[in-house]
Amino acid sequence: MDWFVAPLHQNPAARAWFLWLLRCLLIMDGLLLAGYAGAVALFWLGVTPRILYMLDIGSDRTLAEWANYLKWLACLILLWRAWRLHRAPILLACLPVFLGILIDDAFQYHESRGVVYERLLQLQPHWGLHASGVGQLIAFGLMGAVCALILGFGYAASGATGRAIGRRFLAIFAALILVGVAVDALHEAVGALLPWRYGGVPGIALTLLEEGGELVLASLAAAFCAGLAGVSPPASAAPLRDQAAER
């Protein structure tokens, strides 16, 4: 965490705001995960015929999903404010990336594109995935290539401070790819192999890893954006610095 928060070290108020908001968001995430665990327990005990929908973190338009929609939207608003304050190109470059994440999360973009690519390219099942799952990987790959190009330009155009901030965002995006693509693909493959509803214990565990990981990463991203937006411009306060940038 010290590495992650290093760009805010010279701005105690922004650092304190980041840590306070992150703590609050993680508590909310913990409650959502606890609610999901409780709903799973009720289902396994036969109290409910299925996992209660609004508590099911693996379904769309549930409490956990709405929490993430709001976090991604907050990232966009706060990043815009941070860019207005500091004019670091990497902050502007991150805006379309977070917009893409919000659109994909809220409107299931890669799922719908997966079906399109399946039909267009006449895809076949591979790696334990359905043909549409292979199409989803292609959709993710195309989205990732565009985002990488945008972030590359923003990173190259930024100074040392902007690049230090950019490395934190790149770490978040890389972790999102891990849980949102790699774990998602593994989850689908396991679900196709196992006959139990929701994939049984392995499926539930992968749901917690995938969706719980996204909840936590969205909280980290929102809190970091809030910290950056809370830093006063250099004219009235110490500028953003990365004390570990040279190390």
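## Close-up views of a predicted model

Figure 1. The expected span is 1.5 Å times one less than the number of residues in the helix. Helices are DSSP runs of H or I with at least four residues, strands are runs of E with at least two, and both are numbered from the N terminus. The structure is a predicted model, in which local features need pLDDT of at least 70 and side-chain atom pairs count only at pLDDT 80 or more, whereas totals for chains, interfaces and linings use all residues. Residues are numbered from 1 along each chain as its sequence is written, and side-chain values use heavy atoms, with hydrogens and water left out. Among the buried residues of α3 are Ala 64, Tyr 69, Trp 72, Leu 76 and Trp 83; buried means under 20% relative accessible area, exposed over 50%, and partly exposed in between (1.4 Å probe, protein chains only). The buried residues of α3 pack against α2, α4, α7 and α8. Just after the helix, Arg 87 takes a positive phi of about 60 degrees.

**Figure 2. A salt bridge joins Lys 71 and Asp 29.** A salt bridge is a side-chain nitrogen of Lys or Arg within 4 Å of a carboxyl oxygen of Asp or Glu. By this rule the model contains two. In this one, the distance from N to O is 2.7 Å. Lys 71 belongs to helix α3 and Asp 29 to helix α2, so the pair ties together parts that are 42 residues apart in sequence. Both partners are covered: Lys 71 is buried at 4% relative accessible area, and Asp 29 is buried at 1%.

**Figure 3. Arg 50 and Asp 56 form another salt bridge.** Here the N to O distance is 3.7 Å. Arg 50 is partly exposed, at 30% relative accessibility, whereas Asp 56 is buried, at 5%.

**Figure 4. Helix α4 carries Leu 91 and Phe 98 among its buried residues.** The 19 residues of α4 (residues 89–107) should span 27 Å at 1.5 Å a residue, and its end C-alpha atoms, 28 Å apart, agree with that value. The buried residues of α4 also include Ile 90, Val 97, Ile 101, Asp 104 and Asp 105. Contact means heavy atoms within 4.5 Å. Leaving aside neighbours within four places in sequence, Leu 91 is in contact with Leu 79, Ala 82, Trp 83, His 86, Ile 165, Phe 169 and Leu 228. Gln 108 follows the helix and has a positive phi, near 50 degrees.

**Figure 5. The largest nonpolar core holds 44 residues.** A nonpolar core is a set of buried Ala, Val, Leu, Ile, Met, Phe, Trp, Tyr and Cys residues joined through side-chain atoms within 4.5 Å. The members that touch the most others are Phe 18, Trp 72, Leu 91, Phe 98, Phe 169 and Phe 173. At least two residues come from each of α1 (2–5), α2, α3, α4, α7 (160–193) and α8 (200–229). Helix α8 gives the most, with 11 residues. Another core, of 11 residues, lies apart from this one and includes Ala 39, Val 40, Ile 51 and Ile 204.

**Figure 6. Helix α8 is mostly covered.** Of its 30 residues, 24 are buried. These 30 residues should span 44 Å at 1.5 Å a residue, and the end C-alpha atoms, 43 Å apart, agree. Ser 219 of α8 is buried at 0% relative accessible area. Not counting residues up to four places away in sequence, Ser 219 touches Leu 22, Leu 25, Leu 26, Asp 29 and Lys 71. Leu 220, also in α8, counts as buried at 16%. With neighbours within four places left aside, Leu 220 is in contact with Met 1, Phe 4, Phe 18, Leu 22 and Ile 172.
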